[in-house]
Amino acid sequence: MSRMGQEILNGTAKASSGGGGCLTAFASVFVLAGLIAGGLVSVQLYEAVTARGWAAVDATVIAAGLSRSESSDNGTSYRATGRFRYEWNGETYESDR
């Protein structure tokens with residue numbers, strides 16, 4: 001019997017430790033995606049918290065609409081669009097946000 005066969009029978013054979021680099025590379029893709037998603041959520045959360053402290057002002061709606069898009073995957077979806085004008089500290093601003 002070969003040496004490897006004898007080690008298997010005796011329970012002293014050691015498993016190969018190769019392939020760890022592939023697992024690390026595979027896992028790092030998911031870690032990176034999680035960090036990017038977390039960063040995007042953090043930015044949106046920061047903007048939402050910051051906006052809570054803004055002063056309320058009157059605004060005039062300049063334009064309002066509804067855009068429609070169709071996709072074979074998700075069917076029909078709609079998006080509300082709009083543009084408004086407001087005044088703050090004597091300056092006039094326009095936005096679509």
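Ala, Val, Leu, Ile, Met, Phe, Trp, Tyr, Cys and Pro count here as nonpolar, Asp, Glu, Lys and Arg as charged, and the others, Gly among them, as polar. By these classes, the lining of the largest pocket has 9 nonpolar, 2 polar and 2 charged residues. The model is predicted: local features need pLDDT of at least 70, side-chain atom pairs count only at pLDDT 80 or more, and totals for chains, interfaces and linings use all residues. Residues are numbered from 1 along each chain as its sequence is written, and side-chain values use heavy atoms, with hydrogens and water left out.

**Overall make-up**
- The protein has 2 helices and 3 strands, where helices (H or I, at least four residues) and strands (E, at least two) are DSSP runs numbered from the N terminus.
- Their order from the N terminus is α-α-β-β-β.
- Of the 97 residues in the protein, 2% are buried (buried is under 20% relative accessible area, exposed over 50%, partly exposed in between, with a 1.4 Å probe and protein chains only).

**Largest pocket**
- The largest pocket holds about 350 Å³ of space; a pocket is an open set of points on a 1 Å grid over the protein atoms alone, where a 1.4 Å probe fits, with protein on both sides within 12 Å along at least five of seven lines.
- Its volume is the space filled by probe spheres set on the points, which are joined across faces, edges and corners.
- Among the 13 lining residues, Ala51, Trp54, Ala55, Phe84 and Tyr86 are the closest to the pocket centre; a lining residue has an atom within 4 Å of a point.
- Two or more lining residues come from each of α2 (20-51) and β2 (75-88), and α2 gives the largest share, 4 residues.

**Nonpolar surface patch**
- Leu23, Phe26, Val29 and Phe30 make a nonpolar patch of about 470 Å² (its residues have over 30% relative accessible area and no salt bridge, and nonpolar side chains are joined within 5 Å; areas come from the Shrake-Rupley method with a 1.4 Å probe).
- Leu23 is in helix α2 and is exposed, at 58% relative accessibility.

**Salt bridges**
- There are 3 salt bridges, each a side-chain nitrogen of Lys or Arg within 4 Å of a carboxyl oxygen of Asp or Glu.
- Arg68 and Glu70 pair with their closest N and O atoms 2.7 Å apart, and both residues are exposed.
- Arg83 and Glu94 form a salt bridge at 3.2 Å between the closest N and O atoms.
- Glu94 lies in strand β3 (residues 91-95) and Arg83 in strand β2, so this pair ties together parts 11 residues apart in sequence.
- Arg85 also bridges to Glu94, at 3.0 Å between the closest N and O atoms.
- Shared partners join Arg83, Arg85 and Glu94 into one network.

Technical notes: Patch = residues over 30% accessible without salt bridge, like charges linked within 9 Å, V, L, I, M, F, W, Y side chains within 5 Å.
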